[in-house]
Amino acid sequence: SLSNVIYALLGSWLRHALSEDVRNRLHAELFDQSYGQVRRRDMGELLTILSADSWAVADASHLLTRIATNICSIVIFGAFVAAISPNLALIAAVGSLLIFAVVERLGRRAAMLGEHALATNIALADRTLAGLQGMRTLRAFGAEEGEKERFRAASRAVRSAFTAIDRLQAFLSPLTEISY
């Protein structure tokens, strides 16, 4: 419990500090490139990189520290169980391998959903920028309703992608807790 509290406090600080550092470095890198290089890049992608990808790097480091904390817990609990009952330790080891296999499979599914969510988020950022940058032209040709519908479709895709991730996470947490 103490290691979990320490992890939560240090992990939160590290995650946010890392995200800020990555975001600041990416932003500085954009300004170190020539204007032509930046203009050749998709603006929605650049916005997503600055806003979302900096968090993704921080989340990855957060997961790595969580894995280290879990490994320490497993070693400590494993030693206690082995000292109490070697047979129980064997059963726990086999059960843990089965749990790991299920979680690994669900993790692969989560990764695929995450990639899809990122792509839909980039598409929404692109749609937002296209609408805002082309507003004058859209109004001149009376195309506002079509643009609104394209934005709603992109927004709906983002909602759907992130809802699928949340659904998977809703099942994953109780599954692992009950299994353990």
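**View 1. Packing of helix α6 against its neighbours.** The buried residues of α6 pack against α4 (86-133) and α5 (135-140), where contact means heavy atoms within 4.5 Å and buried means under 20% relative accessible area, exposed over 50% and partly exposed in between, with a 1.4 Å probe and protein chains only. These buried residues are Glu147, Ala154, Val158, Ala161, Ala164, Ile165, Leu168 and Thr176. This is a predicted model, in which local features need pLDDT of at least 70 and side-chain atom pairs count only at pLDDT 80 or more, while totals for chains, interfaces and linings use all residues. Residues are numbered from 1 along each chain as its sequence is written, and side-chain values use heavy atoms, with hydrogens and water left out.

**View 2. Helix α6 from end to end.** Helix α6 covers residues 144-179, which makes 36 residues, and its first and last C-alpha atoms lie 52 Å apart, close to the 52 Å expected at 1.5 Å a residue. The expected span of a helix is 1.5 Å times one less than its number of residues. Helices (H or I, at least four residues) and strands (E, at least two) are DSSP runs, numbered from the N terminus.

**View 3. Helix α3 and its kink.** Helix α3 (residues 43-84) has 42 residues and should therefore span 62 Å at 1.5 Å a residue, which agrees with the 60 Å between its end C-alpha atoms. A kink of about 40° is centred on Ile49 in α3; the bend at a residue is the angle between axes fitted to the seven residues ending there and the seven starting there. Ile49 is also one of the buried residues of α3, which include Gly44, Leu46, Thr48, Leu50, Ser54, Ala58, Ser61 and Thr69 as well.

**View 4. His16 beside Ala58.** His16 has its place in helix α1 (residues 2-32), and with a relative accessible area of 39% this residue counts as partly exposed. The C-alpha atoms of His16 and Ala58 are separated by 6.9 Å, although the two residues are 42 residues apart along the chain. Ala58 itself is among the buried residues of α3.

**View 5. The whole chain for orientation.** The protein has six helices and zero strands, and its C-alpha trace spans about 80 × 35 × 25 Å along its principal axes. Of its 180 residues, 19% count as buried. Among contacts between residues at least 6 apart in sequence, 77% join residues at least 24 apart.
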